[in-house]
Amino acid sequence: MTGEERLNRVFGAPAAPAKDMHFTLLVMRRAEQERFRAAMARRVIWGGVLGTLALAAALPMVGWLSANPSATEDVALTLGAVAAVLALSRGARRAAFRRAR
């Protein structure tokens, strides 16, 4: 799909005005706002799902750790290692995406 077809589809006009930058910028701005809203909604939903899963996993863990205080240090070190691996992998992935652009 060409750029002009995209403009016509988003704005709903039968044909784009010739060399009208205001029209072009308006359509681009509207398309970007729609894309941003959709992406933000996905992020909010995903954050809610992750928060619910983390809470569901943490509650039994807290009960177990209170019954087994000697395992608290091992669990804390394991969770720290997992958090470090996730942070490093996320940083490496972002760096790879930046290089690909």
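**View 1. Arg-35 and its partner Glu-32.** Arg-35 counts as partly exposed, because its relative accessibility comes to 49%. This is a predicted model, and here Arg-35 forms a salt bridge with Glu-32. The closest N and O atoms of the pair are 2.5 Å apart. Glu-32, at 40% relative accessibility, is partly exposed too. Both residues sit in helix H2, three residues apart, or about one turn of the helix. An α-helix has 3.6 residues a turn, so residues three or four places apart point the same way.

**View 2. Helix H2 from end to end.** Helix H2 takes in residues 21–67, which makes 47 residues. At 1.5 Å a residue it should span 69 Å, and its end C-alpha atoms are 68 Å apart, so the two figures agree. Which residues of H2 are buried? Phe-23, Val-27, Ala-39 and Leu-65 are.

View 3. Leu-65 belongs to helix H2. Is Leu-65 buried or exposed? It counts as buried, because its relative accessibility is 17% and the cut-off for buried is under 20%. Leu-65 and Val-75 are 10 residues apart along the chain, and their C-alpha atoms are separated by 8.5 Å.

**View 4. A run of arginines around Arg-90.** Which residues form the positive surface patch? Arg-90, Arg-93, Arg-94, Arg-98 and Arg-99 do. For one of them, Arg-90, the place is helix H3, which runs over residues 72–100. Arg-90 has a relative accessible area of 45%, so it is partly exposed.

**View 5. Stepping back to the whole chain.** The protein has three helices and zero strands. Read from the N terminus on, its elements go α-α-α. What share of the 101 residues is buried? Buried residues make up 9%. The accessible surface comes to about 8,600 Å². Carbon and sulfur atoms account for 66% of that surface.

Notes:
Residues numbered from 1 in each chain as written. Predicted model: local features only at pLDDT ≥ 70, side-chain atom pairs only at ≥ 80, totals over all residues. Heavy atoms only, no water. Helix = DSSP H or I, 4+ residues; strand = E, 2+ residues; numbered from the N terminus. Expected span 1.5 Å × (residues − 1). Buried < 20%, exposed > 50% of the residue type's maximum accessible area, 1.4 Å probe, protein only. Patch = residues over 30% accessible without salt bridge, like charges linked within 9 Å, V, L, I, M, F, W, Y side chains within 5 Å. Areas by Shrake-Rupley, 256 points an atom, 1.4 Å probe, with all protein chains shown as cover. Salt bridge = Lys/Arg side-chain N within 4 Å of Asp/Glu carboxyl O. Lys, Arg positive; Asp, Glu negative; His and termini not counted. Charge placed at Lys NZ, Arg CZ, Asp CG, Glu CD.
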